Amino acid sequence: MLVSLSLTALAIAIAPAWARGRLALRGSPIPSPTSTFGTAIGGALDLPEPTIAPDLANRAKEVGAFDGDRLTVKITNAFGWDLPISYQSNVGSPTIIGNPSTNTFLAGSNTQVVVTRNFAGAIFIGKSFDPANSKIEISFNAPQGYRPGVDVSYVDGYSVPITCSCGGVPVTGCNIPLFRTGRTCPQNGPGDKVICYNPKKLINAGPADPFFQPCQGAAYTYPDDHRANAYGKCDGGDIQCCVGVSVHTALVKHR
């Protein structure tokens, strides 16, 4: 699906997460043939029936439940380019109270998002303002017992590699630069290797499309790709994410 590259609002409300497999963007209009987007079923934004990720090798073990009232997500731009960044929150979610980068995420810089209880939303990062960009999905709400939920999702599309860790241990995401694997993108967006739209975004079951397959099980590559779910792995209240391949040098990829 081709999506226009206009995104004028920094904070955009998204439809309730119980709309399994579909997120309807609301806020500043985005000219598009459709406003239906994929999401990770059982991921951080699919709240009523959270799917706890299996205990995979090199993933953080579950620890005691987080009893804080704020969740901090720190992000490093190690991609080497200045990148557009935007934020979305579910309808009714509290406002982000951190001091995140706005519009442009400078190369080599750090930013952070701080949210309070009952928050659910996403951070979109890519080479253009496109709602199908690679995203970090976050939830911190009552249906999950106020346990932090996070996942990296390429369900709508892939733009840049993202990984997230807790306590120095990778928990979700994939640092493989998919445009460099030699695999053919099934539907390129405008520009040269700017974004690859995911044809499996509304197909719940796998396997992943061949272009996305190297990251299957590490980032969400189709809605039911539950091995990418890091629910219960970040109960310390701090999540560290990296855009690029140079910080989390260990390959974040699981079979």
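These legends go with a set of close-up views of a predicted model.

**View 1. A five-strand open sheet with mixed pairing.**
Read across the sheet and the strands come in the order β7-β4-β15-β12-β13. The edges belong to β7 (110–116) and β13 (169–174), each of which pairs on one side only. Neighbouring strands here are turned by 20 degrees against each other on average, ignoring direction. As a reminder, strands of a sheet pair through backbone hydrogen bonds, and they can do so parallel or antiparallel.

**View 2. The parallel pair, β4 and β15.**
Zoom in on residues 70–77, which make up strand β4, and on residues 238–243, which make up strand β15. Six bridges hold this pairing, and its sense is parallel. For a landmark, look for Thr76, which sits opposite Cys242 in β15.

**View 3. β12 and its two antiparallel partners, β15 and β13.**
Strand β12 covers residues 162–166. Towards β15, the pairing is antiparallel and runs over four bridges.

**View 4. Strand β5, covered on both faces.**

**View 5. The neighbours of β5: β6 and β8.**
β5 has an antiparallel link to strand β6 (residues 103–105), made of three bridges. Pro84 faces Thr104 of β6 in this pairing. Strand β8 (residues 119–125) also pairs with β5 in the antiparallel sense, over five bridges. In that pairing, look for Ser86 opposite Phe124 in β8.

**View 6. Arg147, a buried arginine in a loop.**
Arg147 sits in the loop that connects β9 (134–140) with β10 (149–153). Is this arginine buried or exposed? Arg147 has a relative accessibility of 13%, and because the cut-off for buried is under 20%, Arg147 counts as buried. Its side chain makes a polar contact with the side chain of Asp235, at 2.3 Å.

**View 7. Two spots in the loop between β14 and β15: Thr221 and Pro207.**
Thr221 lies in the loop that runs from β14 (196–197) to β15. With 0% relative accessibility, Thr221 counts as buried. The Thr221 side chain makes a polar contact with the side chain of Asp225, at 2.7 Å. Pro207 belongs to the loop between β14 and β15 as well. What kind of peptide bond joins Gly206 and Pro207? The bond is cis, with omega at about 5 degrees.

**View 8. Positive phi at Asn118 and Lys193.**
Asn118 is not a glycine, yet its phi is positive, at about 75 degrees. Look for Asn118 in the loop between β7 and β8. Asn118 counts as partly exposed, with a relative accessibility of 42%. Lys193 also has a positive phi without being a glycine, in this case near 55 degrees. The loop between β13 and β14 is where Lys193 lies. Its relative accessibility is 42%, and Lys193 counts as partly exposed.

**View 9. The largest pocket and its lining.**
Rolling a probe the size of a water molecule over the atoms shows where empty space is left. The largest pocket holds about 250 Å³ of space. There are 15 lining residues, and the ones closest to the centre are Phe79, Lys127, Pro161, Pro177 and Arg180. What is the make-up of the lining in nonpolar, polar and charged residues? Nine are nonpolar, two are polar and four are charged.

Notes
Residues are numbered from 1 along each chain as its sequence is written. This is a predicted model: local features need pLDDT of at least 70, side-chain atom pairs count only at pLDDT 80 or more; totals for chains, interfaces and linings use all residues. Side-chain values use heavy atoms; hydrogens and water are left out. Buried means under 20% relative accessible area, exposed over 50%, partly exposed in between (1.4 Å probe, protein chains only). A polar contact is a pair of N or O atoms within 3.5 Å; within protein, one must be able to donate a hydrogen and the other to accept it, and residues adjacent in sequence count only if both atoms are side-chain atoms. Two strands pair if DSSP finds at least two bridges between them. Axes are lines fitted to C-alpha atoms, for helices over the stretch in contact, and angles run from 0 to 180 degrees between N-to-C directions. On a 1 Å grid over the protein atoms alone, a cavity is a set of points where a 1.4 Å probe fits but cannot get out, and a pocket is an open set with protein on both sides within 12 Å along at least five of seven lines; lining residues have an atom within 4 Å of a point. Grid points are joined across faces, edges and corners, and a volume is the space filled by probe spheres set on the points. Ala, Val, Leu, Ile, Met, Phe, Trp, Tyr, Cys and Pro count as nonpolar, Asp, Glu, Lys and Arg as charged, and the others, Gly among them, as polar.
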